[in-house]
Amino acid sequence: MPSTPRKPTTFLIQAFDLCAWPVVLFGEGNTVRYINAAAEKALGVSRDELLEQTARYHGLGQLPKALQLVSDLCPASNVWLGEVATRDITLASGADATATRWRGVFYPITDAPDTEAMGLVRNVVVMLAPPDKFPHWGPLQPQEEIHATLQALRHEYRGRYSVSHLVGISTAMIRVRRLVDLASQSRVPVLVIGEQGTGREQVARTICYASNPGHAGPVITIEGELMDAEIMQTTIRAFANRCEDEEDSAHASLVLLNAEKLDLGSQTELLHMLDLIGVDLRILSTSQESLLELARRGQFREDLAFRISTLEIELPPLCDRPEDIPYIAQAMVEELNIPSDRQLQSISAEAIDRLQQQEWPGNIDQLNEMLTVAHQTATGFTLDVTDFPAVVSRAPHKKLEAKEPESIDLDAALEAYEREILLRTLKAAKGNKTQAANMLNISRARLHRRIEQWGLE
């Protein structure tokens, strides 16, 4: 009796089993149905943990490890409509979560008997290889390029508070990311300056948690407008007592929101408590304008302004960097995908054009509110102009004026920032070089070399 012929999918799975490159098969609902041995090794997680996981179209982190890994490979909606797609993918695998770059080809499998018939896509095969080994196969969608950029940024700036407020290709945001890097490598006090809604608190917390990933230490958040001298004293003293019981008290941080709204009594008490408590408290503050400028106008204590403004990071308003809006908006859409059954892929080019024409007085917060509503009411995989409030859909269609690219000597700029940080740290430490070196997290010998190099004696 002749043996029963095997299904074509059986031969396909056998071929994938023998493949040297990673292969993942997604079924309906973005559920992982198959992983070959090469993919299991590349992802650094057992296939039992990955099979039947449902992927989210989301490249920003914040998910459990296994779910985030499969979400990094999630097919875009156009693949489920029958299109072959290519995307560069960054994956973090292994105990040290080392980031590796891959190029993925997403190939839809339909139930059509031949290539001319319209069939329903039942599965999507994702094949990975090093970028130099795999040519682009099929058209590279613009939204996939943005998605890949966000994914790469997430690996560079890990943590919940980073990506959606640090993305962008503008010179201003590149400078912000560089300063965040500098701030994360030391314990110097940082002041984040920006208009309401620019993401000041998010950036401050990014620095706080990026300094010591996984063990940020005790953190207290204080809102300037809610403080008076008595509450300030009670709050700081209670936090200092708590830190004495914490194993990681050496990494204690104070996040001071709206520092410019502290009244004079609160300012005096904060300065007094910082000298009194026996805790090395790293201070990350936010303000709508420079505290040093307020001090020059007699509206803030100069000694406290210098004490908590060693490094200033200024966030540009959203209207000044329209070229960043496609990246910020895509990041927000993907973040909204996490808790939702609606897995939107992108925003149409026309909608992005209209968003770039808005004034955005509420900055990133306003954009986030608008996208939240649009995400809930969208009828397709892509947000279109009609999914947004009338203020966007009725915006006059005008051509954005092209900006001259800003030239910046990055090495010179970073040296100037480092010199300024050193000067302010020395002033905050009242000339004590050992204390200044500790605040900067550098050796005393290196501090002396910088002082001699720049003639700061």
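In strand β9, Arg282 is the bridge partner of Ser253. The model is predicted, so local features require pLDDT of at least 70 and side-chain atom pairs count only at pLDDT 80 or more, whereas totals for chains, interfaces and linings use all residues. Residues are numbered from 1 along each chain as its sequence is written, and side-chain values use heavy atoms, without hydrogens and water.

Strands β8 (residues 253-257) and β9 (residues 282-287) run parallel and are joined by four bridges; two strands pair if DSSP finds at least two bridges between them. Strands (E, at least two residues) and helices (H or I, at least four) are DSSP runs numbered from the N terminus.

The open sheet has five strands in the order β7-β8-β9-β6-β10, with parallel pairing. Because β7 (219-223) and β10 (311-314) stand at the edges with a single partner strand each, one side of each lacks a neighbour in the sheet. Neighbouring strands are turned by 15° against each other on average, direction ignored. Axes are lines fitted to C-alpha atoms, for helices over the stretch in contact, and angles run from 0 to 180 degrees between N-to-C directions.

Helix α8 packs on this sheet, touching β6, β9 and β10; contact means heavy atoms within 4.5 Å.

| Pair | Angle |
|---|---|
| α8 (residues 171-184) and β10 | about 150° |
| α10 (residues 229-244) and α11 (residues 264-276) | about 25° |

The axes of α10 and α11 lie 8 Å apart. The angle makes α10 roughly parallel to α11, a term for angles under 35 degrees.

Methods
Angles under 35 degrees count as roughly parallel, over 145 as roughly antiparallel, 65 to 115 as roughly perpendicular and the rest as oblique.
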